[in-house]
2 protein chains.
Amino acid sequence: MSLSTPTNNIKKFVIAMLVSVAIQRSVNVLAFQSKAHVRRALLSGMSQHVERSPFLCPMKRWMSTENATEKTEEELAAIKAEREARKAEKERLKAEKKAKKEAERLALEQAEEIQDVTYLFYEKQDQYEPFGDLSRTMSRSRTGREFVNVQDLEGEGSKYGPGDTVWLRGRLHSIRVKGGSCFLVLRQDSFHTVQACFFKDKENPDFSQKMIKYLKSLTEESVVDIEGVLESAEVKSCSVQNVEVKIKRIYSVTKAASILPFLVEDASRSEAEVDASQETDRPFPRLGQELRLDNRWMDLRAPANNAIMRVQSMVCQLFRESLYSQGFIEIHTPKLIAGESESGAGVFTTDYFGQTACLAQSPQLYKQMAISSDLTRVFEIGPVFRAENSHTRRHLCEFTGLDLEMAINDHYMETLEVIHKMFKHIFNGLETRMAKELEIIRQQYQSEPVTFTEEPCVIHWPEAMEILTKEGFDIGDGMGDLTGAMELALGKVVKEIYGTDFFMLDKYPMEVRPFYTMPDPDDPKFSNSYDIFIRGQEICSGAQRCHDPELLEELLAQKGIEAGDGLKSYIQSFRDGVYPHAGAGIGLERVVFLYLGLDNVRKASMFPRDPNRCTP
Amino acid sequence: MSLSTPTNNIKKFVIAMLVSVAIQRSVNVLAFQSKAHVRRALLSGMSQHVERSPFLCPMKRWMSTENATEKTEEELAAIKAEREARKAEKERLKAEKKAKKEAERLALEQAEEIQDVTYLFYEKQDQYEPFGDLSRTMSRSRTGREFVNVQDLEGEGSKYGPGDTVWLRGRLHSIRVKGGSCFLVLRQDSFHTVQACFFKDKENPDFSQKMIKYLKSLTEESVVDIEGVLESAEVKSCSVQNVEVKIKRIYSVTKAASILPFLVEDASRSEAEVDASQETDRPFPRLGQELRLDNRWMDLRAPANNAIMRVQSMVCQLFRESLYSQGFIEIHTPKLIAGESESGAGVFTTDYFGQTACLAQSPQLYKQMAISSDLTRVFEIGPVFRAENSHTRRHLCEFTGLDLEMAINDHYMETLEVIHKMFKHIFNGLETRMAKELEIIRQQYQSEPVTFTEEPCVIHWPEAMEILTKEGFDIGDGMGDLTGAMELALGKVVKEIYGTDFFMLDKYPMEVRPFYTMPDPDDPKFSNSYDIFIRGQEICSGAQRCHDPELLEELLAQKGIEAGDGLKSYIQSFRDGVYPHAGAGIGLERVVFLYLGLDNVRKASMFPRDPNRCTP
């Protein structure tokens, strides 16, 4: 069956028909190219495939047609002649093009480079080869095909079982062809996998050979569609363990390059596994952080890394759920602001129509102005920018802030209670709703769940100083900020004493806190402010805010800050009357990275930003 | 009862006691100042008020005390002498200070300027004047007082009724003192209001006079605490209409300045009301947009404006609810990126450690890379930056983008179905869950609910061109973008034909869409892209994306865009295999402003940013 066998007439007819059909856009036809399909389509009559619009309003004809007006016979004859001439010329050009293409194709085929290209006409799939590359998905038609989720094949309770025929779309995780048999693993959502296989059919050796040739041509990480029959099997290496798919058809949707930056499999191993392999004949490659981040989309296909992003999403969901239930609403404050929101922290600036604007280092001033605006319980989830040249494993130049602010009746402990309730909801929610994801993450990155107390565990500054002194730290006058080492030591001791990984440290010295912090009522060297820790590392910073404009001006003067336009509005909003209030800012990536006991905050950021990295 | 009556000894005792108590921080006492309270406190024995920590871990003593070591008698005597000398000096200074203060107070009192200052010891409130300014809330103690929400007094089903005594905290919305009677309105959350009143007690004229003097000194917008008894009444001007509060006690928590930028009442009127008043003796002031935005915290206290922010919050909540239920997860993509995300739209830039970084004009490239990362259904809510010098009523330089992106099986109509379902959830959710807020908003800004169809209403480009031609627009070759006037006209006609304010316009010309748009499979002059409209104005733009790296490079070349580092990663992520996908970006403020039929998008932004405004 070669393309030279059909007569020219048939070829012309096919071309003309395809052209006319393509012009009428209400009729959606998929063009054919491969010889076998052309032949089969012709034989089957190739009925028009009309796209059924699922929508209310009728789809109009693509181009409007004018009403014909009456013409003389002469005019009609002229029109007809012109039309025929045009048609003949068109057909000549088409034939020429076709011949050229065919010559090219033949040349390619001789070089044995060609692959069978299937331009799939979905409704007529039985007429096509059961393998091939689908044409580029351009929304030409809707197949209505229902793909089964790999996840739904898993476990005892699955509604699919041996003997069922299913369509699956997923990534080709791996492929192994050996002689007459082929095993491949299809992967979905990074951690649902199923084995599919094809065995040479002795009754049909030609077809089997072709299929195996095609399977060999497939590249890992390509997206493929498989139709197959479920068969009982025992597959330990896949998430679907009691069935495999016997391939009936396979088509590639998009093809991945044959050389990838690295293999997902290599990105999925624990450090321990890599370490252990180094003494063997086949040591596993150790993928560096930079290589991973340069190709983050590949890194995120590794089950644990993908699951980390899902956990991150769930943290936000749980944060909001708890705050909604406690009467909060969500706000969105500007990130381009006239002055710094946190003096002391590095700031990015930009030209703003001739002025200089800062990128908000926190929504601090604005969430407080929300309180002045009678939005008395607010939260915001948004980016926070810090132009700090820090090259540590826990700093980012851009991170996601989970911020909240609320009016208080008479004590900021009201806020700590809200926050504690919220974190409990997050921790409990993660362990129950994300059990599968946590299991996968902990396979690659070992950690224990975070322990926490039913009621808030609040340590006060003097107690922390006592602990640190006992631990051998030189705390000086006890009024300086904590170093990372101090925080870790404190976390260790708190865990020993109170049995919790999660605690609050209250009453920081005023000196190390921002100007908007409310001083302690008895000793203005201290303040009504707190940090919150997971495993001895800070995830949250908060305080009662100074809502009194006069005191605020004193505090600004003490810190040597001059009130620019931004701050003037902020203070004015308090002069116009405000509820006493307190709040906190939480680092989303910090929560995720420390909850999961990861070694680097970058692992909890989708596309991390640090002084050396602004791409991808 | 003047401060000179107590003997010096008693004064000294009180001072010494207060000093010692303040030092021991585990004992929380509120300092007294007013004469009457000092007397009463003494009489009542002033027992220690220990703050009961609600927390698990015991609160440590504020300062650690060293263990006393043994001293010689001589040393002890010296220490004692020193101590006594210090004490005497301290007391002398205190007495001096006290005398000075008293002199000042007397001078003020003579000038009739003084107000009674109540430093409230909550547990002993019966001993204090029933009015006064509370000391600055600095979390000295927790009262445990339960404030009742004004909202809970509303309606038939309220659990509070005439005769009940309640504590309320809120803003002093208005106050009217006339002779021996005083009426004030307390406001909470901007739109829950209740009337409170005080009438001169003929049995107790001195007290009544003092109370009325205090009430007169209160300023509107101050935050006050009221204890009062509910009484039956008919109050049409408040949200609580069948009871009012007879004031027993009133304390101010924070005092608003006596001169405010404008009154909340003036900010709360509809244009029609202001118009109608112009011909009367008392025309209402017309507050300009700039004045409002300069004092946005005051503007947002107006019930309608406050409710708009609550609606905005609910739109986000409903957006997420619908997408979670359709299998999406939330992502956070970087806002500092190496290149432009939308060529053509103005971009803000910043110095990024020696490089130039752009502020993301959309999360476009990153949400697509999420698809490459096997996060196949994602959404993001985050800021979007456009350095466009547009001075229109529908453009902002920073707005909140509701973005989504999803893998498709074979047609981007799958995405339009997801989006339509989501918008229906938003519209239905607003009308049911935000009924009260919508009622309030519509009182000030008249509008009808948005009408929409059960199934998506999709108009195609040629139909739109036909409509616009009929409407008298010069559409040229029909391949240019729509002007605002065209969009409005189109919206009008679509409403007439299909009876909906909400529709989708599909198949935009490729020329007017970004490079990453998938061309139409039959005519590359058109594209698989759509805008979504409410009341004839765009709220959303989306498309099937070009997932094919080769075609993408062609499209970039056609648009004359050179691929920088950012774009190179993006294209590479597709080379490494990707699902065909489509998505959309929605402007949150646009949705709110158009859903509510407001005249300006700034009304739907908490702190709007335009070329002239970067503060507050």
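Asp225(B) and Arg169(B) are both buried in this predicted model, and the two side chains form a salt bridge in which the closest N and O atoms are 2.7 Å apart. Asp225(B) belongs to strand S5 (residues 223–232) of chain B and Arg169(B) to strand S2 (residues 165–178) of chain B, so the contact between them ties together parts of the chain that are 56 residues apart in sequence. Elsewhere, salt bridges with shared partners join Arg171(A), Arg187(A), Glu221(A), Arg301(A) and Asp374(B) into one network.

Over all chains, the whole structure contains 81 salt bridges. One of them is formed by Glu454(A) and Lys424(A), whose closest N and O atoms are 2.8 Å apart. This pair links distant parts of the chain, given that Glu454(A) sits in the loop between helix H12 (435–444) and strand S14 (458–460) of chain A, while Lys424(A), 30 residues away, sits in helix H11 (residues 413–433) of chain A. Glu454(A) counts as exposed because its relative accessibility is 55%, above the cut-off of 50%, whereas Lys424(A) counts as buried because its value of 17% falls under 20%.

An α-helix has 3.6 residues a turn, so residues three or four places apart point the same way.

Another helix of chain B, H14 (residues 484–498), can be examined through its length. With 15 residues at 1.5 Å a residue, H14(B) should span 21 Å, and the computed distance between its end C-alpha atoms is 21 Å, which agrees. The buried residues of H14(B) are Met486(B), Glu487(B), Ala489(B), Leu490(B), Gly491(B), Val493(B), Val494(B) and Tyr498(B). The elements that cover these buried residues include strand S13 (458–460), helix H13 (461–470), strand S14 (502–506), strand S15 (529–534) and strand S16 (537–544) of chain B. Just after H14(B), Gly499(B) adopts a positive phi of about 65°.

In chain A, Tyr508(A) lies in the loop between strand S15 (502–506) and strand S16 (529–534). Tyr508(A) is classed as buried because its relative accessible area is 1%, under the limit of 20%. Leaving aside residues up to four places away in sequence, Tyr508(A) touches a set of residues among them Trp461(A), Asp481(A), Leu482(A), Arg513(A) and Phe526(A), and also Ser527(A), Ser529(A), Tyr530(A), Asp531(A) and Phe533(A). Between Tyr508(A) and Glu487(A), which are 21 residues apart in sequence, the C-alpha to C-alpha distance is 13 Å.

Note on methods: Residues numbered from 1 in each chain as written. Chains lettered and ligands numbered in written order. Predicted model: local features only at pLDDT ≥ 70, side-chain atom pairs only at ≥ 80, totals over all residues. Heavy atoms only, no water. Helix = DSSP H or I, 4+ residues; strand = E, 2+ residues; numbered from the N terminus. Buried < 20%, exposed > 50% of the residue type's maximum accessible area, 1.4 Å probe, protein only. Contact = heavy atoms within 4.5 Å. Expected span 1.5 Å × (residues − 1). Salt bridge = Lys/Arg side-chain N within 4 Å of Asp/Glu carboxyl O.
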